[in-house]
Amino acid sequence: MRAVHFGAGNIGRGFIGETLAANDFSIDFVDVNETIIDALNQRHEYDIELAAPDHKKIHVANVDGINNKNNPEKVVAAIEKTDMVTTAIGPKILPFIAELIADGIKARQQQGNQTTLDVIACENMIGGSQFLKGEVYKHLDATGQQFADQYIGFPNAAVDRIVPIQHHEDPLAVSVEPFKEWVVDQSQMKHPEIKLDTVVYVPDLEPYIERKLFSVNSGHATVAYTGEYLGYKTIGDAIKDDKVLAQLKQVLNETGSLLIAKWDFDKADLKAYQDKIISRFQNPYISDDILRVGRTPIRKLGYDERFIRPIRELKDRGLDYSTLLDTVGMILTFDEVQDAESVELQKMLKDTDVATVVKKVTGLHDQALIDDIVNTYEAKMSRVNA
(Lines give C-alpha, C1' and ligand atoms only; values in the text may rest on other atoms or scores of the structure.)
Protein backbone atom coordinates (compact mmCIF):
# COMPACT_ATOMS: atom_id res chain seq x y z
CA MET A 1 0.00 0.00 0.00
CA ARG A 2 1.04 3.60 -0.55
CA ALA A 3 0.37 6.81 1.39
CA VAL A 4 0.71 10.46 0.47
CA HIS A 5 1.78 12.48 3.50
CA PHE A 6 1.84 16.28 3.52
CA GLY A 7 4.61 17.58 5.76
CA ALA A 8 8.12 16.10 5.82
CA GLY A 9 9.13 17.86 9.03
CA ASN A 10 10.01 16.21 12.33
CA ILE A 11 6.42 15.24 13.21
CA GLY A 12 5.77 13.96 9.70
CA ARG A 13 8.90 11.82 9.57
CA GLY A 14 9.18 11.02 13.27
CA PHE A 15 5.58 10.08 14.00
CA ILE A 16 3.20 9.69 11.06
CA GLY A 17 5.85 8.41 8.67
CA GLU A 18 7.17 5.95 11.23
CA THR A 19 3.67 4.60 11.89
CA LEU A 20 2.82 4.25 8.20
CA ALA A 21 6.13 2.53 7.45
CA ALA A 22 5.63 0.09 10.34
CA ASN A 23 2.34 -0.86 8.66
CA ASP A 24 4.12 -1.65 5.37
CA PHE A 25 3.17 1.54 3.56
CA SER A 26 5.52 3.19 1.12
CA ILE A 27 5.28 6.95 1.53
CA ASP A 28 5.31 9.95 -0.77
CA PHE A 29 6.29 12.87 1.48
CA VAL A 30 5.03 16.21 0.14
CA ASP A 31 6.81 19.38 1.25
CA VAL A 32 8.37 22.61 -0.03
CA ASN A 33 11.64 22.06 1.84
CA GLU A 34 14.00 21.26 -1.02
CA THR A 35 16.78 19.98 1.25
CA ILE A 36 14.56 17.37 2.88
CA ILE A 37 12.77 16.39 -0.34
CA ASP A 38 16.07 15.99 -2.20
CA ALA A 39 17.48 13.86 0.63
CA LEU A 40 14.40 11.62 0.63
CA ASN A 41 14.69 11.09 -3.11
CA GLN A 42 18.40 10.37 -2.90
CA ARG A 43 18.25 7.88 -0.04
CA HIS A 44 14.63 6.65 0.19
CA GLU A 45 15.20 5.93 3.89
CA TYR A 46 16.01 7.56 7.21
CA ASP A 47 16.44 6.76 10.91
CA ILE A 48 14.48 7.89 13.95
CA GLU A 49 16.08 7.98 17.39
CA LEU A 50 13.99 7.60 20.53
CA ALA A 51 14.71 10.23 23.17
CA ALA A 52 15.32 7.71 25.95
CA PRO A 53 18.35 6.27 27.78
CA ASP A 54 18.95 3.48 25.22
CA HIS A 55 18.58 5.85 22.20
CA LYS A 56 16.90 3.09 20.21
CA LYS A 57 16.97 3.57 16.42
CA ILE A 58 13.97 2.93 14.16
CA HIS A 59 14.61 2.55 10.43
CA VAL A 60 12.09 3.89 7.92
CA ALA A 61 12.40 2.85 4.26
CA ASN A 62 10.44 2.99 0.99
CA VAL A 63 10.02 6.76 1.12
CA ASP A 64 10.09 9.36 -1.64
CA GLY A 65 9.71 13.12 -1.72
CA ILE A 66 7.62 15.47 -3.87
CA ASN A 67 8.11 19.24 -3.88
CA ASN A 68 4.55 20.50 -4.15
CA LYS A 69 5.73 23.98 -5.11
CA ASN A 70 7.80 22.79 -8.07
CA ASN A 71 5.90 19.64 -9.02
CA PRO A 72 2.21 19.95 -8.09
CA GLU A 73 1.27 17.59 -10.92
CA LYS A 74 3.29 14.81 -9.23
CA VAL A 75 1.30 15.32 -6.04
CA VAL A 76 -1.96 15.02 -7.95
CA ALA A 77 -0.74 11.87 -9.69
CA ALA A 78 0.27 10.36 -6.35
CA ILE A 79 -3.12 11.12 -4.78
CA GLU A 80 -4.84 9.60 -7.81
CA LYS A 81 -3.37 6.18 -6.96
CA THR A 82 -2.75 6.33 -3.22
CA ASP A 83 -4.39 4.27 -0.46
CA MET A 84 -4.30 6.99 2.22
CA VAL A 85 -3.61 10.70 2.60
CA THR A 86 -2.29 12.18 5.86
CA THR A 87 -1.06 15.60 6.94
CA ALA A 88 1.19 17.04 9.64
CA ILE A 89 1.80 20.59 8.48
CA GLY A 90 0.12 22.84 11.07
CA PRO A 91 -3.52 24.02 11.12
CA LYS A 92 -2.79 27.30 9.36
CA ILE A 93 -1.25 25.55 6.34
CA LEU A 94 -4.17 23.18 5.65
CA PRO A 95 -6.00 25.64 3.36
CA PHE A 96 -2.90 25.91 1.17
CA ILE A 97 -2.86 22.20 0.32
CA ALA A 98 -6.63 21.88 -0.15
CA GLU A 99 -6.57 22.59 -3.89
CA LEU A 100 -3.93 19.92 -4.49
CA ILE A 101 -6.03 17.35 -2.63
CA ALA A 102 -9.11 18.46 -4.58
CA ASP A 103 -7.19 18.04 -7.84
CA GLY A 104 -6.17 14.56 -6.71
CA ILE A 105 -9.80 13.69 -6.02
CA LYS A 106 -10.77 15.01 -9.45
CA ALA A 107 -8.07 12.82 -11.00
CA ARG A 108 -9.45 9.77 -9.21
CA GLN A 109 -12.92 10.64 -10.48
CA GLN A 110 -11.71 11.14 -14.05
CA GLN A 111 -9.86 7.82 -14.00
CA GLY A 112 -12.89 6.03 -12.62
CA ASN A 113 -11.02 5.14 -9.42
CA GLN A 114 -13.82 4.26 -7.02
CA THR A 115 -11.56 2.78 -4.35
CA THR A 116 -12.47 4.58 -1.16
CA LEU A 117 -9.85 6.83 0.40
CA ASP A 118 -9.42 8.45 3.80
CA VAL A 119 -7.75 11.84 4.25
CA ILE A 120 -6.57 12.24 7.84
CA ALA A 121 -5.30 15.58 9.16
CA CYS A 122 -2.93 14.78 12.02
CA GLU A 123 -2.85 18.28 13.44
CA ASN A 124 -2.93 19.92 16.85
CA MET A 125 -6.54 21.04 16.48
CA ILE A 126 -10.10 19.93 17.07
CA GLY A 127 -11.85 18.70 13.92
CA GLY A 128 -8.79 19.01 11.68
CA SER A 129 -9.88 16.57 8.98
CA GLN A 130 -13.38 18.01 8.75
CA PHE A 131 -11.89 21.50 8.53
CA LEU A 132 -9.67 20.30 5.70
CA LYS A 133 -12.71 18.75 4.02
CA GLY A 134 -14.42 22.14 3.99
CA GLU A 135 -11.35 23.70 2.38
CA VAL A 136 -11.06 20.91 -0.21
CA TYR A 137 -14.76 21.18 -1.16
CA LYS A 138 -14.22 24.85 -2.05
CA HIS A 139 -12.21 23.56 -5.03
CA LEU A 140 -14.73 20.91 -6.16
CA ASP A 141 -17.82 21.49 -8.27
CA ALA A 142 -21.12 19.80 -7.42
CA THR A 143 -20.18 16.63 -9.31
CA GLY A 144 -16.79 16.49 -7.59
CA GLN A 145 -18.40 16.96 -4.20
CA GLN A 146 -20.85 14.15 -4.93
CA PHE A 147 -17.94 11.88 -5.85
CA ALA A 148 -16.08 12.87 -2.67
CA ASP A 149 -19.17 12.33 -0.53
CA GLN A 150 -19.32 8.77 -1.80
CA TYR A 151 -15.68 7.75 -1.94
CA ILE A 152 -13.50 10.12 0.14
CA GLY A 153 -13.52 10.15 3.95
CA PHE A 154 -12.14 12.86 6.20
CA PRO A 155 -11.99 11.19 9.63
CA ASN A 156 -10.88 13.45 12.45
CA ALA A 157 -7.86 12.37 14.46
CA ALA A 158 -6.08 13.13 17.71
CA VAL A 159 -2.29 12.81 17.70
CA ASP A 160 0.21 13.11 20.50
CA ARG A 161 3.99 12.83 20.42
CA ILE A 162 6.56 15.35 21.63
CA VAL A 163 9.22 16.17 19.06
CA PRO A 164 11.54 18.81 20.55
CA ILE A 165 13.62 21.36 18.73
CA GLN A 166 16.74 19.63 17.45
CA HIS A 167 19.66 20.17 15.16
CA HIS A 168 21.32 17.44 13.09
CA GLU A 169 23.87 17.47 10.32
CA ASP A 170 21.74 14.85 8.59
CA PRO A 171 18.57 16.65 7.33
CA LEU A 172 16.52 13.46 7.71
CA ALA A 173 17.59 12.55 11.25
CA VAL A 174 14.89 13.06 13.87
CA SER A 175 14.58 12.41 17.60
CA VAL A 176 11.19 11.74 19.21
CA GLU A 177 9.90 10.69 22.60
CA PRO A 178 9.02 6.98 22.99
CA PHE A 179 5.36 7.75 23.77
CA LYS A 180 2.94 8.18 20.88
CA GLU A 181 -0.83 8.18 20.52
CA TRP A 182 -2.87 8.41 17.32
CA VAL A 183 -6.66 8.08 17.64
CA VAL A 184 -9.02 8.12 14.63
CA ASP A 185 -12.79 8.60 14.44
CA GLN A 186 -13.87 5.36 12.78
CA SER A 187 -17.41 6.65 12.14
CA GLN A 188 -16.06 9.15 9.58
CA MET A 189 -13.93 6.68 7.62
CA LYS A 190 -14.76 5.65 4.07
CA HIS A 191 -12.17 2.84 4.00
CA PRO A 192 -12.37 1.22 7.46
CA GLU A 193 -10.72 -1.94 6.11
CA ILE A 194 -7.38 -0.13 6.38
CA LYS A 195 -6.55 -0.04 10.06
CA LEU A 196 -3.02 0.75 11.21
CA ASP A 197 -1.38 -1.16 14.05
CA THR A 198 -0.74 1.11 17.09
CA VAL A 199 -3.49 3.49 15.93
CA VAL A 200 -6.67 3.48 18.04
CA TYR A 201 -10.03 3.63 16.26
CA VAL A 202 -13.02 4.87 18.24
CA PRO A 203 -16.71 5.51 17.46
CA ASP A 204 -16.58 9.04 18.94
CA LEU A 205 -13.33 10.99 18.88
CA GLU A 206 -14.39 14.08 20.80
CA PRO A 207 -13.69 12.75 24.32
CA TYR A 208 -10.15 11.73 23.27
CA ILE A 209 -9.53 15.01 21.45
CA GLU A 210 -10.51 16.97 24.54
CA ARG A 211 -8.58 14.67 26.88
CA LYS A 212 -5.45 15.34 24.84
CA LEU A 213 -6.09 19.07 24.33
CA PHE A 214 -6.97 19.76 27.97
CA SER A 215 -4.18 17.57 29.36
CA VAL A 216 -1.15 17.52 27.07
CA ASN A 217 -1.65 20.88 25.36
CA SER A 218 -2.97 22.77 28.37
CA GLY A 219 -0.30 21.15 30.53
CA HIS A 220 2.67 21.74 28.23
CA ALA A 221 1.66 25.37 27.73
CA THR A 222 1.22 25.80 31.49
CA VAL A 223 4.80 24.68 32.08
CA ALA A 224 6.01 27.03 29.34
CA TYR A 225 4.18 30.17 30.45
CA THR A 226 4.72 29.59 34.18
CA GLY A 227 8.37 28.82 33.51
CA GLU A 228 8.85 31.92 31.36
CA TYR A 229 7.15 34.06 34.00
CA LEU A 230 9.63 32.73 36.56
CA GLY A 231 12.61 33.33 34.28
CA TYR A 232 13.33 29.88 32.81
CA LYS A 233 14.30 29.22 29.20
CA THR A 234 13.65 25.47 28.84
CA ILE A 235 10.82 23.14 29.81
CA GLY A 236 13.31 20.81 31.50
CA ASP A 237 14.62 23.52 33.82
CA ALA A 238 11.17 24.95 34.48
CA ILE A 239 9.53 21.71 35.55
CA LYS A 240 12.25 21.11 38.16
CA ASP A 241 10.86 24.13 40.01
CA ASP A 242 8.26 23.03 42.57
CA LYS A 243 6.14 26.10 41.79
CA VAL A 244 5.93 25.17 38.10
CA LEU A 245 5.19 21.53 38.88
CA ALA A 246 2.47 22.53 41.35
CA GLN A 247 0.92 24.84 38.74
CA LEU A 248 0.92 22.00 36.21
CA LYS A 249 -0.65 19.51 38.60
CA GLN A 250 -3.38 21.92 39.64
CA VAL A 251 -4.22 22.79 36.02
CA LEU A 252 -4.52 19.08 35.29
CA ASN A 253 -6.75 18.69 38.35
CA GLU A 254 -9.05 21.40 37.00
CA THR A 255 -9.17 20.14 33.41
CA GLY A 256 -9.48 16.59 34.74
CA SER A 257 -12.59 17.53 36.72
CA LEU A 258 -14.11 18.85 33.49
CA LEU A 259 -13.23 15.70 31.53
CA ILE A 260 -14.79 13.49 34.21
CA ALA A 261 -17.93 15.62 34.45
CA LYS A 262 -18.35 15.92 30.69
CA TRP A 263 -17.22 12.52 29.37
CA ASP A 264 -17.36 10.25 32.42
CA PHE A 265 -13.69 9.25 32.19
CA ASP A 266 -12.65 6.84 34.92
CA LYS A 267 -10.94 8.88 37.62
CA ALA A 268 -8.10 6.40 38.20
CA ASP A 269 -7.47 5.95 34.47
CA LEU A 270 -7.39 9.69 33.93
CA LYS A 271 -4.99 10.15 36.86
CA ALA A 272 -2.66 7.56 35.33
CA TYR A 273 -2.86 9.37 31.99
CA GLN A 274 -2.01 12.70 33.68
CA ASP A 275 0.89 11.16 35.61
CA LYS A 276 2.25 9.83 32.33
CA ILE A 277 2.04 13.32 30.83
CA ILE A 278 3.97 14.80 33.74
CA SER A 279 6.69 12.15 33.37
CA ARG A 280 6.92 12.95 29.65
CA PHE A 281 7.48 16.64 30.38
CA GLN A 282 10.16 15.62 32.89
CA ASN A 283 12.01 13.46 30.35
CA PRO A 284 15.53 15.00 30.24
CA TYR A 285 16.04 13.72 26.71
CA ILE A 286 13.26 15.89 25.25
CA SER A 287 13.69 19.17 27.10
CA ASP A 288 12.29 21.84 24.83
CA ASP A 289 12.71 25.59 24.53
CA ILE A 290 10.01 27.56 26.29
CA LEU A 291 9.91 29.92 23.32
CA ARG A 292 8.88 27.10 20.99
CA VAL A 293 6.21 25.67 23.31
CA GLY A 294 4.89 29.12 24.23
CA ARG A 295 4.86 30.61 20.73
CA THR A 296 1.61 31.86 19.17
CA PRO A 297 0.01 32.99 22.46
CA ILE A 298 -2.89 34.66 20.62
CA ARG A 299 -3.88 31.34 19.05
CA LYS A 300 -3.51 29.55 22.38
CA LEU A 301 -5.87 32.08 23.98
CA GLY A 302 -8.58 31.33 21.41
CA TYR A 303 -12.20 30.76 22.41
CA ASP A 304 -12.06 27.00 21.76
CA GLU A 305 -8.41 26.54 22.66
CA ARG A 306 -6.61 24.87 25.56
CA PHE A 307 -7.29 27.48 28.27
CA ILE A 308 -10.39 29.51 27.48
CA ARG A 309 -12.54 26.55 26.48
CA PRO A 310 -12.02 24.59 29.72
CA ILE A 311 -12.39 27.80 31.74
CA ARG A 312 -15.74 28.50 30.06
CA GLU A 313 -17.02 25.00 30.56
CA LEU A 314 -15.79 24.71 34.14
CA LYS A 315 -17.50 27.97 34.99
CA ASP A 316 -20.73 26.73 33.41
CA ARG A 317 -20.57 23.68 35.67
CA GLY A 318 -19.67 25.61 38.79
CA LEU A 319 -16.25 23.93 39.00
CA ASP A 320 -12.90 25.44 39.95
CA TYR A 321 -10.80 27.09 37.20
CA SER A 322 -8.66 29.40 39.32
CA THR A 323 -5.28 27.96 38.28
CA LEU A 324 -6.22 28.01 34.60
CA LEU A 325 -7.20 31.66 35.06
CA ASP A 326 -3.90 32.36 36.81
CA THR A 327 -2.04 30.79 33.87
CA VAL A 328 -3.94 32.95 31.39
CA GLY A 329 -2.68 35.97 33.29
CA MET A 330 0.88 34.76 32.69
CA ILE A 331 0.22 34.10 29.00
CA LEU A 332 -0.66 37.77 28.59
CA THR A 333 2.77 38.69 30.00
CA PHE A 334 4.58 36.42 27.52
CA ASP A 335 7.01 38.76 25.78
CA GLU A 336 9.27 37.08 23.25
CA VAL A 337 10.59 39.21 20.39
CA GLN A 338 11.26 36.12 18.26
CA ASP A 339 7.58 35.21 18.12
CA ALA A 340 5.36 37.37 15.88
CA GLU A 341 2.18 36.70 17.87
CA SER A 342 3.88 37.60 21.13
CA VAL A 343 5.07 40.88 19.62
CA GLU A 344 1.57 41.57 18.29
CA LEU A 345 -0.05 40.76 21.63
CA GLN A 346 2.30 42.99 23.61
CA LYS A 347 1.73 45.85 21.16
CA MET A 348 -2.04 45.46 21.53
CA LEU A 349 -1.73 45.50 25.32
CA LYS A 350 0.39 48.64 25.11
CA ASP A 351 -1.85 50.51 22.67
CA THR A 352 -5.33 49.37 23.79
CA ASP A 353 -7.08 48.91 27.11
CA VAL A 354 -6.61 45.41 28.47
CA ALA A 355 -10.30 44.47 28.54
CA THR A 356 -10.65 45.17 24.82
CA VAL A 357 -7.58 43.07 24.05
CA VAL A 358 -8.83 40.18 26.20
CA LYS A 359 -12.24 40.28 24.52
CA LYS A 360 -10.65 40.33 21.07
CA VAL A 361 -8.15 37.50 21.49
CA THR A 362 -10.38 35.19 23.57
CA GLY A 363 -13.70 35.83 21.84
CA LEU A 364 -15.35 36.02 25.26
CA HIS A 365 -18.55 37.99 25.90
CA ASP A 366 -18.84 37.06 29.59
CA GLN A 367 -17.90 40.42 31.10
CA ALA A 368 -17.32 38.99 34.57
CA LEU A 369 -14.84 36.49 33.16
CA ILE A 370 -13.16 39.17 31.05
CA ASP A 371 -12.79 41.29 34.19
CA ASP A 372 -11.30 38.32 36.06
CA ILE A 373 -8.70 37.85 33.33
CA VAL A 374 -7.88 41.58 33.32
CA ASN A 375 -7.44 41.60 37.09
CA THR A 376 -5.25 38.49 36.97
CA TYR A 377 -3.07 39.96 34.22
CA GLU A 378 -2.66 43.27 36.05
CA ALA A 379 -1.68 41.44 39.24
CA LYS A 380 0.90 39.46 37.29
CA MET A 381 2.28 42.62 35.66
CA SER A 382 2.56 44.38 38.99
CA ARG A 383 4.88 41.58 40.16
CA VAL A 384 6.87 41.75 36.93
CA ASN A 385 7.34 45.51 37.37
CA ALA A 386 8.00 45.36 41.12
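This tour goes through a predicted model, from the whole chain to single residues.

**Whole chain**

Start with the whole protein chain displayed. Its secondary structure consists of 17 helices and twelve strands. The C-alpha atoms fill a box of roughly 65 × 50 × 45 Å along the principal axes. The radius of gyration is 22 Å, which agrees with the value near 21 Å that a compact globule of 386 residues would have.

Colour by burial next: buried residues make up 56% of the 386. Switch to the surface, where the chain exposes about 16800 Å², with carbon and sulfur atoms supplying 48% of that area. Among contacts with a separation of 6 or more, 71% are between residues 24 or more positions apart. For the charges, select the 43 positive and 60 negative ones; their mean positions are 1 Å apart.

**The six-stranded sheet**

Now select β5, β2, β1, β6, β7 and β8. In that order they form an open sheet with parallel pairing. Which strands stand at the edges? They are β5 (63–67) and β8 (152–153); each has a single partner strand, so one side of each is left without a neighbour in the sheet.

Inside this sheet, zoom in on β1 (residues 2–6) and β6 (residues 84–87). The two run parallel and are joined by four bridges. As a landmark, pick histidine 5, which stands opposite threonine 86 in β6.

Move to strand β9, residues 157–160. In a regular strand the side chains alternate between the two faces of the sheet. Are the faces of β9 buried or exposed? Ala157 and Val159 on one side are buried, and so are Ala158 and Asp160 on the other, leaving both faces covered.

β9 pairs with β11 in the antiparallel sense, over four bridges. Within this pair, alanine 158 is found opposite valine 183 of β11.

An α-helix has 3.6 residues a turn, so residues three or four places apart point the same way.

**Isoleucine 278**

Go on to helix α10 (residues 267–281) and select isoleucine 278 within this helix. Its relative accessibility is 9%, so isoleucine 278 counts as buried; the limit for burial is under 20%. Leaving aside residues up to four places away in sequence, isoleucine 278 touches Ile239, Leu245, Leu248, Lys249 and Leu252. Draw a distance from isoleucine 278 to leucine 245: the C-alpha atoms are 8.6 Å apart, while the two residues are 33 apart in sequence.

**Two loop aspartates**

End with two loops. The loop between α9 (242–263) and α10 holds aspartate 264. Its phi is near 60°, a positive value in a residue other than glycine. With a relative accessible area of 66%, aspartate 264 is exposed.

Then select aspartate 24, in the loop between α1 (10–22) and β2 (26–31). Aspartate 24 also has a positive phi, of about 65°, although it is not a glycine. Its relative accessible area is 66%, and aspartate 24 is exposed.

Technical notes. Residues numbered from 1 in each chain as written. Predicted model: local features only at pLDDT ≥ 70, side-chain atom pairs only at ≥ 80, totals over all residues. Heavy atoms only, no water. Buried < 20%, exposed > 50% of the residue type's maximum accessible area, 1.4 Å probe, protein only. Pairing = 2+ DSSP bridges. Rg over C-alpha atoms; globule rule 2.2 N^0.38 Å. Contact = heavy atoms within 4.5 Å. Areas by Shrake-Rupley, 256 points an atom, 1.4 Å probe, with all protein chains shown as cover. Lys, Arg positive; Asp, Glu negative; His and termini not counted. Charge placed at Lys NZ, Arg CZ, Asp CG, Glu CD.
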